[in-house]
Amino acid sequence: MALLKLSTSTGALALVLGCSNDPGFVVQNAAPPSSLDGAADGATRADAGAVDAPDDASAKDPYEPLPPLGDGVATLAGSSLRGQIDDRRERARFSNPVNIAVGPDGMIYVADYGNGVIRVVSPAGLAATLVHQPGFAHPYGLVFTADGTLYAQTDANDMGEHTFETGTFWRIDRRFGTATVVLRNAGRPRGLAALPDGRIFYADPEHQLVGILDPVRVRVVDLAGERNVAAFADGEGNRARFNHPYDAAYLDGVVIVVDQLNHRLRAVTLDGRVSTFAGTGAIGRADGDRLRATFNRPQALARDAAGNLFVSDMDNFMVRRIARDGAVTTFAGVGREGYRDGLPAAAEFAGLEGLDVSPDGAFLYVADGNRGLGGASHRVRRVSLARVPVMPTLP
């Protein structure tokens, strides 16, 4: 269990790893409250050092206050400036956060790709570094299995190699903030979904495959798709075709896979039968029945406890919702790249590479980085689910 605490005696912010009655250990590098109203040099930096220069000319004050967290779309932590700082919401710094997994403890675990670390953010926006060790670089995939174990995938392996073949699975010890290699050189399995039996379903966008990892037996089995063949076809096993299968979520005995460059979502049974779940394949943003809806490079996928799916529709810069009855609606995003909090219908996003839902179903969390393109977006965003109505269909 990970806890974030504010020391009442010293005023220091700290991440305490371990149960509430165990001292665990402390990850420091967070500013005490006395410096929160001061100049930029009052903050204590993590190993990544000082705040970088602004990514765009509009970023003037690196510590411009954020409004209190409320309903709608809000910035939980981060800013337009990249860096690695563990601190409160507007002082926290990330470098292209790409993925999110909400833990059973309610904490938000973030793959901080540019910094090569895993961060943990409290529901109130206090950020700290969980995993930062030699050989752990370019984290992307994150998933919690049914027993509460956190697994991560990195694009690089623990030997320092970084190619399309060097993807590595790691088991994360949240108590001590360490990562242990489960399997190296497994391709690029960025999309991860937990199966009820403890195995992990993966989607490999570079090799056009989906498969299953048994992290106990350390065994990988390709389930569907033809290696290195990008196309579209429903079917069984290697007769099925994908074009950049990116993320996945387990739902009602099947796994829903985002088939990014086919602009569809696919359903994959655990014996490898593939069918179309949503999307026509045409590029668009039409809402309606899931088989008539259109998408534009969907990527991230999350589900709530009721079985509703949330999809990051990347090149529409929107979050779409697929209800249990199959109705697709636009949930958040005005449809253009940018940064704006507030009402979901007026919100603007930039990265949208990772999504997850809180265990209580109250919030959708968004990894809103810059897609590795150098833009000024290094944020974790939050969207209220409980009190925000679904938007009407856009023309």
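**Figure 1. Ile118 and the residues around it.** Skipping its neighbours within four places in sequence, Ile118 is in contact (heavy atoms within 4.5 Å) with Val110, Thr129, Leu130, Val131, Phe136, Leu142, Ala152 and Ile172. This is a predicted model, where local features need pLDDT of at least 70 and side-chain atom pairs count only at pLDDT 80 or more, while totals for chains, interfaces and linings use all residues. Residues are numbered from 1 along each chain as its sequence is written, and side-chain values use heavy atoms, with hydrogens and water left out.

**Figure 2. The largest nonpolar core.** A nonpolar core is a set of buried Ala, Val, Leu, Ile, Met, Phe, Trp, Tyr and Cys residues joined through side-chain atoms within 4.5 Å. Buried means under 20% relative accessible area, exposed means over 50%, and partly exposed is in between (1.4 Å probe, protein chains only). The largest core here has 21 residues, and Ile118 is among those with the most contacts inside it, along with Tyr109, Leu130, Val131, Phe136, Leu142 and Ile172. Strands 5 (97–102), 6 (108–112), 7, 8, 9 (139–144), 10 (150–154) and 11 (168–173) each give two or more residues to this core. Elsewhere, a second, separate core of 17 residues includes Met314, Val319, Phe349 and Leu364.

Figure 3. Strands (E, at least two residues) and helices (H or I, at least four) are DSSP runs, numbered from the N terminus. Two strands pair if DSSP finds at least two bridges between them; strand 7 (residues 117–121) and strand 8 run antiparallel and are joined by 4 bridges. Look for Arg119, whose bridge partner in strand 8 is Thr129. Between the two strands sit 5 residues, and in this hairpin Gly125 takes a positive phi near 100 degrees. Strand 8 (residues 127–131) is largely enclosed by the rest of the structure, because 5 of its 5 residues are buried.

**Figure 4. Aromatic pairs.** Rings of Phe, Tyr and Trp (its six-membered ring) pair if their centres lie within 6.5 Å; planes under 30 degrees apart count as stacked, over 60 as edge-to-face and the rest as tilted. The structure holds 7 such pairs. Tyr109 and Phe144 make an edge-to-face one, with 5.3 Å centre to centre and 70 degrees between the planes. Since Tyr109 lies in strand 6 and Phe144 in strand 9, the pair ties together parts that are 35 residues apart in sequence. Tyr109 is buried at 0% relative accessibility, and Phe144 is buried at 13%. Phe363 and Tyr365 form a tilted pair, 6.2 Å centre to centre with 50 degrees between the planes. Phe363 is buried, at 17% relative accessible area, and so is Tyr365, at 2%. Ring pairs also link Tyr113, Tyr140 and Tyr246 into a cluster.

**Figure 5. Two asparagines with positive phi.** Asn96 isn't a glycine, yet it has a positive phi of about 55 degrees. Its place is in the loop between strand 4 (73–79) and strand 5, and at 8% relative accessibility Asn96 counts as buried. Asn228 isn't a glycine either, and its positive phi is about 65 degrees. Asn228 lies in the loop between strand 16 (219–224) and strand 17 (235–236), and at 53% relative accessibility it counts as exposed.
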